[in-house]
Amino acid sequence: MADLHTTFTPALADLDDRHLRRRRRVVAAGEGATLVVDGQPLLAFAGNDYLGLAHHPALRGAAAEAAALGAGATASALIAGQSPAHAALEADLAAFVGADAALLFHSGYAANTGVIPALVGPTDAVFSDALNHASLIDGVRLSGASRHVVPHQDLRALDAALAAASGARRRLVVCDAVYSMDGDVAPLPDLLTLCERHDAWLMVDDAHGFGVLGDRGAGTVEHFGVAGHPRLVHMATLGKAAGVAGAFVVGPRSLVEWLANRARTYVFATALPPMVVQSLRAALRLIDGEPQRRRHLQALIARFRAGAGGLPWPLLPSATAIQPLVVGGNAEVLALDAALRARGLWVPAIRPPTVPVGSARLRVSLSAAHTEADVDRLCAALRALAVSGILDG
Ligand SMILES: Cc1ncc(COP(=O)(O)O)c(C=O)c1O
């Protein structure tokens with residue numbers, strides 16, 4: 001076996017050849033929605049800071065105050081206990097989304113890879129949407145349950161797959177509530193009806209709906225009025241609209257206690273630092289108390305969709321803050337990403353394996369931190385690039 005350098009240098013060159021190499025940029029905060037990216041100020045449509053909270057003074061202040069009392073949680077909550085702030089945030093999250101209890105995880109990836117194997121095992125069957133996030137896919141793999149990948153948002157296919165798996169001990173349907181690279185929303189009431197019919201459970205990952213959807217921002221579950229459904233395992237992340245980091249799962253208290261005992265990414269991981277937790281409590285107050293952020297975001301979504309109509313790159317039918325323009329090839333989407341950067345705009349190119357081969361896209365991510373003028377500037381730049389025939393020949 002060759003040494004590490006000799007192995008990975010050509011492996012990286014191969015990624016370069018296929019336009020699949022990802023590079024990490026050094027990003028610092030700028031004015032408004034502008035970020036300083038590798039030293040260059042760019043108007044950013046890149047992150048998932050949907051409500052513009054990531055740099056909010058209330059979140060920064062809460063973190064600074066908590067830091068004065070200690071920086072780290074030192075161990076898993078099962079070993080070293082959890083702070084009053086952790087307990088209060090769990091109680092607040094449960095009350096906010098209308099569930100009995102909540103459990104905090106240090107990331108959405110950890111929540112999904114911990115929760116699914118705690119719910120199902122080798123004698124069970126999982127039904128996973130074809131466009132599910134990688135963390136759900138990995139959670140299903142770790143569980144050892146038999147995996148049935150269902151075509152995206154195909155309820156008939158799901159119905160048939162559930163019917164065919166009636167012999168499994170448990171049946172679990174898992175899906176994104178808002179698809180992270182497409183922006184479309186899963187029809188939770190229809191999915192729950194199917195789960196009731198087939199004696200199954202539904203686990204939804206509301207990473208991109210929490211804070212954004214629903215009148216109060218409690219997410220896709222509020223939007224559809226299905227909070228607290230007895231077959232629903234509801235997970236959401238706290239590093240996107242909430243602007244900080246972490247994730248939570250809510251459900252009946254017995255489920256939450258079971259997960260605290262059996263989800264390995266909870267049991268064997270150090271709890272979130274108290275300053276993160278305090279910052280999240282400040283974020284939750286703003287999500288609840290400042291609905292104008294959601295209204296502004298909705299207005300920007302409508303404005304972008306009106307302004308980006310007629311481009312040569314199909315705009316997917318999304319009503320959420322995720323507005324993807326499908327370009328197709330990896331080299332082509334990288335060329336567009338670079339051309340936008342040259343115009344002072346940052347819209348990340350998304351390539352396989354994050355999206356299916358041949359569907360590389362620009363993922364426009366809108367935020368309440370954007371102004372109408374920001375959105376108009378992006379639309380104008382896209383139209384100018386389309387007219388310039390940047391991808392011709
Ligand atoms: C749908 C979805 N689930 C889970 C995650 C992972 O969450 P986290 O970044 O908190 O690990 C992400 C993205 O990061 C996501 O888009």
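Modeller: Arg293 has its place in helix 13, which spans residues 292-307; helices here are DSSP runs of H or I with at least four residues, numbered from the N terminus. Because its relative accessibility is 18%, Arg293 counts as buried (under 20% relative accessible area, with exposed meaning over 50% and partly exposed in between, for a 1.4 Å probe and protein chains only). The side chain of Arg293 is joined to that of His56 by a polar contact of 3.5 Å, that is, a pair of N or O atoms within 3.5 Å, where within protein one must be able to donate a hydrogen and the other to accept it, and residues adjacent in sequence count only if both atoms are side-chain atoms.

This is a predicted model, in which local features need pLDDT of at least 70 and side-chain atom pairs pLDDT 80 or more, while totals for chains, interfaces and linings use all residues. Residues are numbered from 1 along each chain as its sequence is written, and side-chain values use heavy atoms, without hydrogens and water.

A polar backbone atom of Gly108 is 2.7 Å from an oxygen atom of the ligand, whereas His208 places a polar side-chain atom 2.6 Å from a ligand oxygen, and Lys240 has a polar side-chain atom 2.7 Å from an oxygen atom of the ligand.

Methods. Helices (H or I, at least four residues) and strands (E, at least two) are DSSP runs, numbered from the N terminus.
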